[in-house]
Amino acid sequence: MNVRLQISILLIGFILLTTILKMVQKTKLELKYSILWIVSSVMFIIIAAFPAITDWFASLIGIIEPANAVFLVLILFELGINLNLTITISKQTNKVKNMAQYIALMENQNREKS
């Protein structure tokens, strides 16, 4: 792995980890949503600190350039985070729909009583 790429990934990992931890500390981000981000930033740091892992992973899946393996790992992490957020949004949408229906039923019952 190129030294510049290694240093860039290391800096991005530290900046991301620091930012996420500060957001959790200031309660701008809940811990349950931050876990995947923390894991991904730690993975960045590990990949940058131990480039042999990237070389091994690239040869394992048949990628010639280890930098492309890094991008593949980053894309997979982002897909995982997006899937997790989509599941959360879907659950929240169902809860809001159920609450709206419940409120409509309660308002209808109140109108019938009065």
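The largest nonpolar core has seven residues: Ile9, Phe44, Ile47, Ala48, Val70, Val73 and Phe77. A nonpolar core here is a set of buried Ala, Val, Leu, Ile, Met, Phe, Trp, Tyr and Cys residues joined through side-chain atoms within 4.5 Å. Buried means under 20% relative accessible area, exposed over 50%, and partly exposed in between, with a 1.4 Å probe and protein chains only. Helices H2 and H4 (66-113) each supply at least two residues of this core. This is a predicted model: local features need pLDDT of at least 70, side-chain atom pairs count only at pLDDT 80 or more, and totals for chains, interfaces and linings use all residues. Residues are numbered from 1 along each chain as its sequence is written, and side-chain values use heavy atoms, with hydrogens and water left out.

**Core contacts**
- Val70, a core residue, touches Met1, Ile9, Ile47 and Thr54, not counting residues up to four places away in sequence.
- Contact means heavy atoms within 4.5 Å.
- In soluble globular proteins, nonpolar side chains tend to be buried together.

- Helices (H or I, at least four residues) and strands (E, at least two) are DSSP runs, numbered from the N terminus.
- H1 covers residues 3-25; its 23 residues should span 33 Å at 1.5 Å a residue, and its end C-alpha atoms are 33 Å apart, which agrees.
- The expected span is 1.5 Å times one less than the number of residues.
- Buried in H1 are Gln6, Ile9, Gly13, Leu17 and Ile20. Their cover includes H2, H3 and H4.
- H2 has 19 residues and reaches 26 Å from its first C-alpha to its last, close to the expected 27 Å.
- In H2, the buried residues are Ser34, Ser40, Ser41, Phe44, Ile45, Ile47 and Ala48. They pack against H1, H3 and H4.
- Ser34 is buried, with a relative accessible area of 0%. Ser34 touches Ile20, Val24 and Leu29, not counting residues up to four places away in sequence.

**The H1-H2 loop**
- Thr27 sits in the loop between H1 and H2.
- Thr27 has a positive phi of about 60° although it is not a glycine.
- At 70% relative accessibility, Thr27 counts as exposed.

**H2 against H4**
- H2 and H4 pack at an angle of about 175°, with their axes 10 Å apart.
- H2 and H4 are therefore roughly antiparallel to each other.
- Axes are lines fitted to C-alpha atoms, for helices over the stretch in contact, and angles run from 0 to 180 degrees between N-to-C directions.
- Angles under 35 degrees count as roughly parallel, over 145 as roughly antiparallel, 65 to 115 as roughly perpendicular and the rest as oblique.
- H2 residues in the contact include Tyr33, Leu36, Trp37 and Phe44, and H4 residues include Val73, Phe77, Glu78 and Gln92.
- By class, this contact has 12 nonpolar, five polar and one charged residues.
- Ala, Val, Leu, Ile, Met, Phe, Trp, Tyr, Cys and Pro count as nonpolar, Asp, Glu, Lys and Arg as charged, and the others, Gly among them, as polar.

**H2 against H3**
- H2 (residues 31-49) and H3 (residues 51-61) pack at an angle of about 90°, with their axes 4 Å apart.
- That makes H2 roughly perpendicular to H3.
- Ile46, Ile47, Ala48 and Ala49 of H2 meet Pro51, Ile53 and Thr54 of H3.
- By class, the contact of H2 with H3 has six nonpolar, one polar and no charged residues.
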